[in-house]
Amino acid sequence: MTTRFEGTKDYVATDDLKVAVNAAIALQRPLLIKGEPGTGKTVLAEEIAKALGAPLITWHIKSTTKAHQGLYEYDAVTRLRDSQLGDERVKDVKNYIKKGKLWEAFESTGARPVLLIDEIDKADIEFPNDLLQELDRMEFYVYETDETIKAAVRPVVIITSNNEKELPDAFLRRCFFHYIKFPEADTMNAIVEVHYPGIKQKLVAEALRIFYDMRKVPGLKKKPSTSELLDWLKLLMVEDIGEDILKEKDPTKLIPPLHGALLKNEQDVHLFERLAFLARREGATRPGQ
Ligand SMILES: Nc1ncnc2c1ncn2[C@@H]1O[C@H](COP(=O)(O)OP(=O)(O)O)[C@@H](O)[C@H]1O
Ligand SMILES: [Mg+2]
């Protein structure tokens, strides 16, 4: 089994990202990955698991997720109902304990599992602190059954955040931190090539130019990200739209074809059209230049 992450053929990992992943593995600390949506945080955890040949256990965090749900939940309501119905199951409290993702990860034997706690910033502010003990010691206590669940092997913990909320200091102290910068054109080219091997270089060059220009437009509500770019390129290929159409300078076509893949709300579309219009009038060819 490998214990180092060197990237995979499906994932473009920059050197500093590889260093961060391996540091977290070596230190046996959670790796906290921040970055704007679409910078490959979730996929990174999947790729780490693949590269290490380890099972991946994913815990998606929502605004309503509570820390204890990662350990276990005790279903008292069903137990009460079963007892009223005279169900035999009632005698064993274990029948009413639902294991959480940490429990699942701690139970995993064999290869060190990868535990992804995805979008931790979605939860309330107390959430990260409520998990400190359990993630530090890799064990927790189940009151209902009077047992301690302890990790057979320490999982590799990957925690992602879209930066919607600040995380508490005590939590940050325990993590190894890495910020995925939005990819530069070179890296983005490599990412596109991974997804669409053999795609026409000229089409990519033209599409990237429009994409990065669009991201430069000040005041966009939602900048298009890697996943939007990938969708857009796929559509361009499906619809057989070539780089010549993207270069179009016709003033009635202010906005690139199939822009619905890139801009996801009407204000942004409107803003882009207006800027494009102004740019044309001033003799430039594209907004953001
Ligand atoms: N470095 C990369 N290498 C390959 N694909 C990437 C990379 N970064 C992003 N992607 C692609 O972009 C999309 C969004 O990635 P995702 O992991 O869901 O982003 P995040 O979790 O940061 O919002 C996925 O389709 C993913 O395959
Ligand atoms: Mg994600």
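Strand 6 (residues 139-142) and strand 7 (residues 147-150) pair in the antiparallel sense over 4 bridges. Strands here are DSSP runs of E with at least two residues, helices are runs of H or I with at least four, and both are numbered from the N terminus. Two strands count as paired if DSSP finds at least two bridges between them. Y141 stands opposite T148 in strand 7.

The model is predicted: local features need pLDDT of at least 70, side-chain atom pairs count only at pLDDT 80 or more, and totals for chains, interfaces and linings use all residues. Residues are numbered from 1 along each chain as its sequence is written, and side-chain values use heavy atoms, without hydrogens and water.

Helix 9 (residues 185-195) packs against helix 11 (residues 226-238) at an angle of about 50°, with the axes 11 Å apart. Helix 9 and helix 11 are therefore oblique to each other. Helix 9 contributes M188, I191, V192 and H195 to the contact, and helix 11 contributes T226, L229, L230 and L233. Contact means heavy atoms within 4.5 Å. By class, this contact has 6 nonpolar, 2 polar and no charged residues.

E104 lies in helix 5 (residues 101-107). E104 and D244 are 140 residues apart in sequence and 53 Å apart in space, C-alpha to C-alpha.

Terms used: Chains are lettered from A and ligands numbered from 1 in the order in which they are written. Axes are lines fitted to C-alpha atoms, for helices over the stretch in contact, and angles run from 0 to 180 degrees between N-to-C directions. Angles under 35 degrees count as roughly parallel, over 145 as roughly antiparallel, 65 to 115 as roughly perpendicular and the rest as oblique. Ala, Val, Leu, Ile, Met, Phe, Trp, Tyr, Cys and Pro count as nonpolar, Asp, Glu, Lys and Arg as charged, and the others, Gly among them, as polar.
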